[in-house]
Amino acid sequence: MRHDLIDLHLHIDGSLNIRWMYERALLRGIITQDTSFSDYYDSLFPSRESGAAIFNKFDVPLAVMQCEEDIHDACYGLVKEIAEEGLLYAELRFGPQLHTRNGLTQEEALAAALQGTHDAMCDYPSIKVNILNAFMHAGNSAKVNEKENLETLQLTEKYLGKGVAGLDLAGYENNCDFYEYAPLFQMAKEKNIPYTIHAGEMGNGENVLKAIDMGAKRLGHGIFAIQTPSYIQAIIDHDVTLEVCVTSNRSFGFNYATHPIRKLISQGVKVTINTDDGMFDLNDLAYEYFVLKKIGMTDEQFRQCNLNAVEAAFLNETEKEELRRKVLLHYGL
Ligand SMILES: [Zn+2]
């Protein structure tokens with residue numbers, strides 16, 4: 001029984017096809033003609049000395065995704081891959097402000113991404129995807145890129161329901177106090193824009209509480225809630241769903257055996273299973289279920305994770321009903 005049906009947490013710039021990216025980097029002169037594929041491949045995996053250093057790896061794919069054609073093709077290729085894998089639905093993280101280095105506006109970058117996902121869904125109608133625009137952590141204060149994040153908010157409002165389903169906050173989580181981003185999420189709430197927040201991924205369980213306090217109904221990772229029972233209780237009390245990415249979380253001290261996913265489930269937390277950055281972790285959604293089965297998770301738990309994903313998806317009620325029907329059909333229910 002396969003379970004890789006829904007991925008609510010994958011980053012476009014972390015999930016590209018490596019060979020495609022290499023060839024596009026050659027074509028654009030981003031790397032010299034004598035750069036071998038092997039050297040380019042190695043550049044994706046810098047030493048992991050600190051949490052902040054992990055984010056330097058995104059420089060490689062982001063160097064490519066700076067014109068409309070490349071953003072379009074990157075998104076098209078990613079959706080094609082996950083459609084061929086057999087996913088029914090995915091929410092793709094995209095930070096428009098990361099694609100303006102060569103003169104694109106955030107809106108031009110987002111429009112190119114949306115055209116790419118749209119074209120792929122036309123060619124591969126078995127899958128539906130939405131983009132979640134990401135606010136970015138960019139320095140030791142939210143002021144550093146406040147203007148860019150506000151622009152992302154406005155764009156999200158404009159394109160909500162037109163290929164964009166909500167917002168996220170991504171980047172190095174421990175840059176500054178989470179509450180500095182509270183005004184942005186307050187504005188999102190007032191505009192009825194759904195949002196999730198990367199929180200409790202990088203060692204700081206208190207961010208889970210802060211993100212919940214800021215109104216998040218979903219958390220990216222959230223796994224460091226295990227630091228304190230009250231953090232887990234807050235997740236349960238506020239009916240928050242976690243977007244867990246087990247392979248990715250190895251970067252922050254877990255292995256498959258020590259990862260808290262089973263503990264969280266046993267305590268009543270709603271969990272979903274996701275890939276995060278398949279290019280860096282060399283995983284796909286099927287792989288996540290494969291390893292989790294190896295460490296003792298059951299088909300029943302996997303089915304529940306997919307049903308949790310249906311309920312937590314940023315879809316309208318009609319779309320959600322359609323997805324629920326497909327998932328139940330898959331399980332013969
Ligand atoms: Zn993530």
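Why is the arrangement of the four donor atoms around the zinc ion irregular? In this predicted model, the zinc ion is coordinated by the NE2 atoms of H9, H11 and H198 together with an OD atom of D276, at 2.1 to 2.4 Å. The four donor atoms subtend angles of 84 to 171° around the zinc ion, and that makes the arrangement irregular, because four donors count as tetrahedral if all angles lie between 85 and 135 degrees.

Along the chain, the donors of the zinc ion follow the spacing H-x1-H-x186-H-x77-D. Distant parts of the chain are linked here by H9, in strand β1 (residues 6–11), and H198, in strand β5 (residues 196–199), which are 189 residues apart. Both H9 and H198 are buried.

D13 is buried yet has no salt bridge, and the nearest side chain of opposite charge, that of R101, is 8.1 Å away.

The aromatic rings are the last topic, and the structure holds eleven aromatic pairs. One of them is formed by F185 and Y195, a tilted pair with 4.8 Å from centre to centre and 45° between the planes. Because F185 lies in helix α8 (residues 182–190) and Y195 in the loop between α8 and β5, this pair ties together parts that are ten residues apart in sequence. F185 is buried, as is Y195.

A further pair is made by F224 and F254, whose ring centres are 5.2 Å apart and whose planes stand at 50°, so that this pair is tilted. F224 lies in the loop between β6 (218–221) and α10 (229–237), while F254 lies in the loop between β7 (241–244) and α11 (261–266), and the pair therefore ties together parts that are 30 residues apart in sequence. F224 and F254 are both buried. Elsewhere among the rings, Y22, F37, Y40, Y41 and F45 are linked by ring pairs into a cluster.

Conventions:
Residues are numbered from 1 along each chain as its sequence is written. This is a predicted model: local features need pLDDT of at least 70, side-chain atom pairs count only at pLDDT 80 or more; totals for chains, interfaces and linings use all residues. Side-chain values use heavy atoms; hydrogens and water are left out. Donors are N, O and S atoms within 2.8 Å of the metal (3.2 Å for Na, K and Ca); water is not among the atoms, so sites may look incomplete. Four donors count as tetrahedral if all angles lie between 85 and 135 degrees; four count as square planar and six as octahedral if opposite donors are over 155 degrees apart and all others between 65 and 115; anything else is irregular. Helices (H or I, at least four residues) and strands (E, at least two) are DSSP runs, numbered from the N terminus. Buried means under 20% relative accessible area, exposed over 50%, partly exposed in between (1.4 Å probe, protein chains only). Lys and Arg count as positive and Asp and Glu as negative; His and the chain ends are not counted. A salt bridge is a side-chain nitrogen of Lys or Arg within 4 Å of a carboxyl oxygen of Asp or Glu. Rings of Phe, Tyr and Trp (its six-membered ring) pair if their centres lie within 6.5 Å; planes under 30 degrees apart count as stacked, over 60 as edge-to-face and the rest as tilted.
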